[in-house]
Amino acid sequence: MKLKKVLALSLAAAMTFSLIGCGSDDGAANDTSAADNTTTEDSTPAADDTAADDTTDTAADDAADDGASTEATGVPTYSQLNVGTDYTDLTASIKWIHHKTDREEDGTIAAMVEAFNQVYPNITVETEGVTDYAEDSLLRLSTGDWGDIMFIPAVDKSDLATYFQPMDSLENMSNEINFADQWEFGGTSYGVPYMANAQGVLYNKAVFEAAGITELPTTPTEFLDCLQKIKDNTDAIPLYTNYAAGWTMGAWDAYLGTVANGDAAYQNQKFVHTANPFDDPGDDTGIYNLYRILYDAVANGLTEDDYTTTDWEGCKAMINNGEIGTMVLGSWAYAQMVEAGEHGDDIGYMPFPITVGGTQYVAAGGDYNFAINVNSSDENKTAAMVFIKWMTEESGWCFNEGGYTVDKNGQNPDMYSAFDGCTVVADQPAVAGEETLLNDMNSESELSFNAGGDAKVQEIVEAAATGSKTFDDLMAEWTQKWNDAQDYLEIEVNN
């Protein structure tokens, strides 16, 4: 059965998705899906927010009015380029900074640049992997010291035109790529995801078989039953929390919208207006039951013995070798787990175990986005546009990383076979005029959903392990913080 591609794929939220795939060894921005900008716990506000709103709005509006065309300066838009035939004789030297330190070190990026140079021999591409990318990229952005291409960090969308060259009009980009509106403002797209993520659960097939699990779970109750079977019948850790890494805990936030309740408009449009979003709907769905999985797993001894000693790098080999049954992470992590040992074929990826009205929903959205320095020379802007489109259409990077396809004509890896029969959607963006509301609520409530809210999820683990608070106590505290923030921000609330 084919995926029901209800992918209003042009309607992706701003990243997604809870943790944006960190392929590097440190946490990346966020599997975006929550707000217009996504951050990590250690992200800092964009250092240069001094541009007046009128100035940035005008720049974005002007770009939108002419379809984001830069024809006057001779810089092509994304849709105008034909990869492999246009600008093959262009000479330029460009620099790209990124967070994929692992792919910088293992030679993957160098190999892609070499392949690019077989088609574009006169475009020199210097690359730099940045370890603490979420914070360092913002600092570099404020000084302009970053080269020609970067992955967009957590900036306000209203500032996109200040920093970045328009890629194309949103209308044109939506015909070229999925998730074109992730970094869109005023009808103009400023970014192209290097890959996209779908939100599910990593699991070890051999462990499931040894535990006697013959069907993938589709509800929180079924999932917890599977974890108990793993504990009873194998030596594997049923669910590995990855508590100690911190940023990994934020992955749980990725499922609170479409996946938890089947409503693609919920996360970025309705959530901030909901009076009691953390109540139990009583049917194994919703935000309550999403986080209840984690609490109950810890409380019932279905996780590692000591959550404070989890090891992010070590867990990759552990799940590969069958020492871990499941981990809740975006699909970006799949390739890393496969490559971590000799049992890559045992790694599987399944839809998150929540079913709404008989349907399982899978949220998909863009990871970090390529963007071009608005202050680069026209030659470098053109070379950067060529490189980005080649990376999207020809490099195979997204596919090889286990990413959900960005290119409209691309294919998805076999790892997504378990999603057959699911409805795959992208969380819809905020409505006009409310683009900052979720960010404001996250800041005022200090809950930070899909914005580096690791601490609140870590507290679930701590409370469950120590018995210091019941799960209902925690949800009541979240509700109070949420309602207080709504009152302070004078947000209209719907019961």
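Ala198 has Ala364 of strand S13 as its bridge partner, in a predicted model whose strands (E, at least two residues) and helices (H or I, at least four residues) are DSSP runs numbered from the N terminus. Local features in this predicted model need pLDDT of at least 70 and side-chain atom pairs count only at pLDDT 80 or more, whereas totals for chains, interfaces and linings use all residues. Residues are numbered from 1 along each chain as its sequence is written, and side-chain values use heavy atoms, with hydrogens and water left out.

Strand S8 (residues 196–198) pairs with S13 in the antiparallel sense over three bridges, pairing being assigned if DSSP finds at least two bridges between two strands. Strand S15 (residues 423–425) pairs with S13 in the parallel sense, also over three bridges, and Val424 in S15 is the bridge partner of Val362. Because six of the six residues of S13 (residues 361–366) are buried, this strand is largely enclosed by the rest of the structure; buried denotes under 20% relative accessible area, with a 1.4 Å probe and protein chains only.

The axes of helix H11 (residues 286–299) and helix H17 (residues 454–466), come within 8 Å and cross at roughly 35°, where axes are lines fitted to C-alpha atoms over the stretch in contact and angles run from 0 to 180 degrees between N-to-C directions. In the contact (heavy atoms within 4.5 Å), Tyr291, Leu294, Tyr295, Val298 and Ala299 of H11 meet residues of H17 including Lys456, Val457 and Ile460.

Zero disulfides are found in a search of the whole structure, a disulfide being a pair of cysteine sulfur atoms within 2.5 Å. Cys422 counts as buried at 3% relative accessibility.

Definitions and conventions
Buried means under 20% relative accessible area, exposed over 50%, partly exposed in between (1.4 Å probe, protein chains only).
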